[in-house]
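Take a walk through this complex, one region at a time. Keep the coordinates open as you read.

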Amino acid sequence: MKMPLSALIGIVATSAFVLAAIFAQWIAPYPIDAAAGKVWEAPSEQFWLGTDTIGRDILSRLIYGGQITIFVALASSLLSFSLGAFFGFMAAVRGGWVDLFLSRLVDLMMAVPALIVALVVLSVLPLNLLVLILLMGILDSTRVFRLSRAVATDITVMDYVEAARLRGERQGWIIFREILPNALSPLVAEFGLRFIFAVLFISTLSFLGLGIQPPLSDWGGMVRENKDGLVYGKAAAMMPAAAIAVLAISVNLVADWVLSRTASLKGGRGG
Amino acid sequence: MSTELNQILAQAAKGKMNRRDFVGRAGALGVSAALAGAVLTNPARAAEPVRGGVLRAGVAGGQSTDSLDPALAASDSPFMINSTWGETLVDVELNGTLGMRVAEEISSSADATQWMFKIRQGVEYHNGATLTAQDVVATLRRHTDDASQSGAQGIVKGITDMKAAGDMVTLTLNAGNADLPFLMADYHLMIQPGGGVDNPQAGIGSGAYKIVSNEPGVRAAFEKHANYWDANRGFADQVEILSINDNTARTAALQAGQIHLMASVDPKIAELLAGNADVVIERSSGPGHYVFIMQCTQKPFDNNDLRMALKLAVNRQELVDKILGGMGSRGNDFPINAAYPLFDDSIAQREYDAAAAAEFYQKSGHDGSPLLLQVAPGAFPGAVEAAQLFQASANAAGIPLQVKLEPDDGYWSNVWNVAPFCASYWGGRPVQDQMYSTAYLSTADWNDTKFIDPHFDDLMIRARGELDQVKRKAMYSEMAHILRDTGGLICPMFNDWVEGRRAEVGGWIPNPAGSLMNGKALSMCWLNA
Amino acid sequence: MHPILKLVVQRVALGLLLLLAVSFVLFLGVEMLPGDTAQAILGQRATPVALANLREALGLNEPALTRYLKWLFHALQGDLGVALTNGKDIAQAIGQRFGNTLFLATSAGVIAVPLAIMLGLIAARYNGRWPDKLISGVTLATISLPEFVAAYFMIFLLTQVVPLFQPVAMVFPGMSFWQKLHAVALPVIVLVMVVLAHMMRMTRAAILNVMQSAYIETAELKGLTPMQVIWRHALPNAVAPIISVVVINLAYLVVGVVVVEVVFSYNALGQYLVDHVAKRDLPVVQAVGILFAAVYIGLNILADVIGIVANPRLRHPK
């Protein structure tokens with residue numbers, strides 16, 4: 001099957017971001033903490049994307065910031081995804097007390113304001129990347145849980161799942177062989193968005209002083225650092241915002257492509 | 001009239017002495033401050049005030065937890081609201097001079113241990129009652145006695161006795177204090193009916209405007225107090241204080257005309273904002289400063305060589321340029337600048353010197369482990385960026401400074417005054433004695449640098465009662481040197497007040513003692529039609 | 001009893017238990033946070049004596065659990081008490097601010113939900129062609145902007161360039177409905193931008209998922225137009241995941257919009273909660289937290305019920 005242009009663009013852009021992040025140390029023109037220029041300089045030959053609120057090169061900070069942004073967002077959305085989908089399917093398949101317990105536990109987690117949870121966790125536990133990823137992943141998994149459960153509940157009453165049950169298949173088999181393939185489209189669509197939400201969530205935490213430690217900064221945090229120049233058309237805040245948008249769109253282009261592929265795998269007419 | 005007083009008056013007339021020096025000295029001579037004030041009347045107003053209209057101010061720092069009790073005021077928004085409905089005995093005015101409000105005259109005993117305040121007659125509260133000397137004493141007592149819950153409790157510890165007789169209030173101190181009247185200008189000490197003991201949050205005072213509605217952290221609406229005593233204040237019919245915490249939204253509201261006065265303009269955008277023809281940027285340099293504090297009692301900052309190394313490793317000019325957008329001045333590692341009377345401007349400015357810093361660092365014998373500077377975005381505007389600039393300039397000198405980001409939430413209770421090295425700010429005080437006794441006396445509650453030096457303490461107490469201004473200035477100069485060379489304070493910059501107003505607002509007089517004309521902008525400005 | 005009614009009753013009863021659990025978790029959380037109310041109120045200026053006096057006056061010297069149980073006892077009788085920080089009546093303050101929260105959430109939801117579903121249906125109808133790509137691209141761009149960037153952009157565009165609206169959106173009692181609507185225009189636009197993409201993309205994905213099924217092919221063979229097929233046959237079968245995401249977003253509009261509230265100085269519950277968390281004002285945190293929790297739980301029950309009603313197989317379990 002030929003890859004559509006949009007998917008190609010998505011894959012190329014996403015890989016470019018990832019590669020830039022991996023090789024940040026070699027390609028960034030300036031060190032991450034060097035205040036080499038004046039405040040909020042416009043893009044020039046010296047500073048390709050201009051300088052930030054204290055005169056650091058935006059391009060270099062974007063490249064370094066990409067490392068942390070992509071890594072944390074990817075790790076936490078993968079975590080939230082696997083946790084949420086697994087327990088969501090389990091609740092749907094097992095039903096009864098398991099469903100009741102898991103669903104109400106998730107209700108409880110969703111019902112307590114995330115701000116309070118984040119403040120408590122991060123003031124009690126040491127502030128490092130692992131804790132940050134776990135916190136974001138677990139908080140977010142509640143949303144994925146509800147969606148997966150809703151999707152899977154519809155599927156569990158389908159004839160082919162009934163048939164599998166009657167055949168005496170194990171629940172793990174049912175989850176992975178019957179439910180997962182049939183629930184994949186909404187979940188893949190959700191994954192693309194969860195990834196964006198994770199990128200934005202890191203910046204919220206940075207703002208509370210709970211996120212990434214300086215001089216490193218995630219992209220959302222960079223937008224925040226320079227936000228006061230936004231209304232006056234300073235490039236400094238728009239560059240990281242644009243980086244987030246481009247990353248978001250390319251990741252979702254890839255997700256859309258995967259979505260159409262999975263649809264065709266099921267023998268539909270998508271491909 | 002004594003010859004000495006005549007001499008003082010002559011000097012004052014020639015403009016050789018500012019009003020504060022004058023009031024202090026004249027007061028010390030037992031002369032009433034009202035008389036002193038009369039000699040130095042401000043020049044007549046340039047423009048004729050316009051009455052009527054609704055004047056709106058947008059301020060930052062308002063929260064839905066704010067209270068109208070002046071004792072609990074701790075941020076800009078309650079300060080502004082309380083200053084609009086309430087009045088203190090005296091005001092700090094332009095150039096740090098003292099203005100008479102509820103007090104009409106001040107006089108003191110020759111050794112400045114006893115101070116007499118004559119209370120203005122016929123001042124009416126918003127509830128119709130008349131303000132009395134008893135109210136004044138009850139107010140001071142509520143804020144200062146042992147059961148007080150007030151933020152002002154630490155201010156006037158030395159008062160041993162308060163008495164009200166007729167229209168006179170007499171305060172007796174345990175030791176002479178030539179600056180006492182300035183302490184009475186503190187924004188917590190709004191005079192309330194019965195001292196506010198029964199209902200501290202009533203918001204009833206004797207100010208130019210009375211509260212009509214108050215939704216904490218959102219808006220306070222006022223209308224003119226019809227029987228207000230001073231015809232030179234309170235021009236608008238109604239005033240409003242809107243709590244707009246977001247910088248960009250506050251700026252946009254000023255540009256759109258939704259507010260007429262705006263507190264705290266981000267210095268970085270001040271220049272951009274000034275391009276708007278409808279907006280005027282007002283700037284005044286005051287005593288407020290942004291600092292990094294090292295606790296002198298905690299390792300490794302108990303080593304003065306290490307402290308010196310860090311003091312030399314901060315690039316002050318860069319901080320003033322980049323954090324304050326040039327709207328401020330360099331600090332010199334003591335908390336006093338030209339905004340204070342008796343400031344010694346001959347003290348050499350400390351510069352960034354990587355080589356000297358490296359030398360001191362070697363001398364300190366520090367083991368090379370990271371020196372953690374704890375900072376939160378709310379420590380002061382631009383604190384995290386300032387800390388990163390400090391880190392870069394210190395690292396360039398071979399000092400392993402490392403920034404640790406802390407949450408805003410709980411910063412003032414968990415980090416400040418607890419951690420050995422962190423960022424903070426001081427708003428400054430009207431006089432040197434108050435600044436030093438608040439935060440640098442060994443026994444001060446807010447001695448956040450844990451600076452302990454008996455000689456320094458002794459100098460401070462003596463300076464407080466010293467009536468010879470030349471000797472007093474010399475003492476303050478010595479104290480500044482001690483703090484600069486051995487203290488735990490790194491004071492890289494003094495920040496200017498940067499505020500905005502619509503072009504149609506008249507009556508603005510810069511006052512560096514506090515934000516928006518020291519809280520009086522709504523009472524003193526008017527709207528030109 | 002009808003099985004669905006039974007389910008609702010059961011879930012509401014469980015919900016009430018959950019609320020109790022939430023209140024206990026909130027209590028533990030606030031207690032675990034460093035610092036206390038007295039310190040938070042007096043801030044940098046507090047002397048130890050003044051702090052002690054204020055603690056005494058606020059009753060903070062009692063054991064934490066005692067304070068919690070006392071609060072619970074009164075709350076169960078409908079008395080939420082007064083805020084520790086400024087003595088204001090909590091029920092009254094919440095009543096007013098919750099009204100504002102609902103006003104904003106409703107205004108945004110009424111626009112965003114139908115719009116998102118419409119766009120999702122159109123995108124699914126023209127799957128892979130330009131309308132689909134245009135809709136996806138634009139909504140993705142709006143969602144990937146941090147909320148405050150979208151907010152500043154709108155402030156710049158609609159108060160400075162084209163002065164249609166006002167940057168400060170606070171509403172007061174006494175304003176007419178239209179005045180209020182005018183005041184909240186900017187936050188509503190921003191919130192619609194923020195929630196649109198999520199619901200639209202889920203609608204599209206869920207519809208496409210269902211479109212593979214045999215009965216859709218049957219419907220197409222019957223000669224129905226693509227839009228009729230989607231509307232009559234695909235949508236009802238894709239309702240569960242769509243509703244699930246719509247509910248998450250509605251809940252977000254009620255409890256999660258504090259950033260937008262701050263930027264536009266909108267006086268609703270989010271900011272009220274954040275202020276009181278910062279001041280460790282437990283009675284207020286409890287009251288607002290439980291209200292938010294009730295909204296979540298209520299909406300989730302609603303989503304589950306709609307999911308069941310929409311799916312015939314779930315409606316009549318074997």
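The contact between chain A and chain B takes 18 residues from chain A and 23 residues from chain B. On the chain A side, 11 of these residues are nonpolar, 4 are polar and 3 are charged. Bear in mind that this is a predicted model. Its scores are ipTM 0.85 and pTM 0.86.

Chain A also touches chain C. There, 50 residues of chain C are in contact with 45 residues of chain A. Which helices of chain C each supply at least two residues to that side? They are H1 (3-32), H6 (130-144), H7 (147-161), H9 (185-210), H12 (239-255), H14 (269-278), H15 (282-310) and H16 (312-315) of chain C. H1(C) gives the most, with 8 residues. By class, the side of chain C that touches chain A holds 36 nonpolar, 11 polar and 3 charged residues.

Now look at chain C by itself. It has 16 helices and 0 strands. Its C-alpha trace spans about 85 × 60 × 35 Å along the principal axes. Of the 318 residues in chain C, 50% are buried. Take the contacts in chain C between residues at least 6 apart in sequence: 73% of them join residues at least 24 apart. Confidence in chain C averages a pLDDT of 87, and 97% of the residues score at least 70.

Next comes the nonpolar core. The largest one has 345 residues, and Val375(B) and Ile207(C) have the most contacts inside it. Helix H8 (residues 171-207) of chain A gives the most to this core, with 19 residues. What does Ile207(C) touch, leaving aside its neighbours within four places in sequence? Its contacts are Gly120(C), Leu121(C), Ala124(C), Ile230(C), Ala234(C), Leu235(C) and Ala238(C).

Chain B brings in strands. Four of them form an open sheet: 4 strands in the order E4-E5-E7-E6 (chain B), with antiparallel pairing. Why is one side of E4 and of E6 left without a neighbour in the sheet? Strand E4 (103-108) and strand E6 (159-165) of chain B stand at the edges, and each has a single partner strand, so one side of each has no neighbour there. Neighbouring strands of this sheet are turned by 15 degrees against each other on average, direction ignored. E4(B) is joined by 5 bridges to strand E5 (residues 114-119) of chain B, and the two run antiparallel. Within that pair, Ala103(B) stands opposite Ile119(B) in E5(B). A helix covers this region too. Helix H5 (residues 133-144) of chain B packs on the sheet and touches E5, E6 and strand E7 (168-173) of chain B. The direction of H5(B) makes about 160 degrees with that of E6(B).

Further along chain B, follow strand E12. Strand E12 (residues 279-294) of chain B pairs with strand E17 (residues 489-502) of chain B in the antiparallel sense, over 11 bridges. His289(B) has Phe494(B) in E17(B) as its bridge partner. E12(B) also pairs with strand E16 (residues 421-426) of chain B, again antiparallel, over 6 bridges. Here the bridge partner of Ile293(B) is Cys422(B) in E16(B). Pairing of this kind runs through backbone hydrogen bonds.

One loop residue deserves a stop. Ile204(B) lies in the loop between helix H6 (180-183) and strand E8 (209-215) of chain B. Is Ile204(B) buried or exposed? Ile204(B) is buried, because 21 other C-beta atoms lie within 10 Å, and the cut-off for a buried residue is 20 or more. Beyond its neighbours within four places in sequence, Ile204(B) is in contact with Tyr125(B), His126(B), Asn127(B), Gln192(B) and Pro193(B). Gln192(B) is 12 residues from Ile204(B) in sequence, and their C-alpha atoms are 6.6 Å apart.

Finish with confidence in chain A. Chain A averages a pLDDT of 84, and 94% of the residues score at least 70. Among its elements, helix H3 (residues 58-94) of chain A has the highest confidence, at a mean of 91. Helix H5 (residues 114-124) of chain A has the lowest, at 79. Over residues 265-271 of chain A, pLDDT stays under 50. For that stretch the model has 9 contacts beyond four places in sequence. Where pLDDT is low, the predicted coordinates should not be read in detail.

Terms used. Residues are numbered from 1 along each chain as its sequence is written. Chains are lettered from A and ligands numbered from 1 in the order in which they are written. This is a predicted model: local features need pLDDT of at least 70, side-chain atom pairs count only at pLDDT 80 or more; totals for chains, interfaces and linings use all residues. pLDDT is the predictor's confidence in each residue, from 0 to 100. Two residues are in contact if their C-beta atoms, placed from the backbone, lie within 7 Å. Two strands pair if DSSP finds at least two bridges between them. A residue is buried if 20 or more other C-beta atoms lie within 10 Å of its own, exposed if 12 or fewer, and partly exposed in between; C-beta atoms are placed from the backbone. Ala, Val, Leu, Ile, Met, Phe, Trp, Tyr, Cys and Pro count as nonpolar, Asp, Glu, Lys and Arg as charged, and the others, Gly among them, as polar. Axes are lines fitted to C-alpha atoms, for helices over the stretch in contact, and angles run from 0 to 180 degrees between N-to-C directions. A nonpolar core is a set of buried Ala, Val, Leu, Ile, Met, Phe, Trp, Tyr and Cys residues joined through C-beta atoms within 7 Å.
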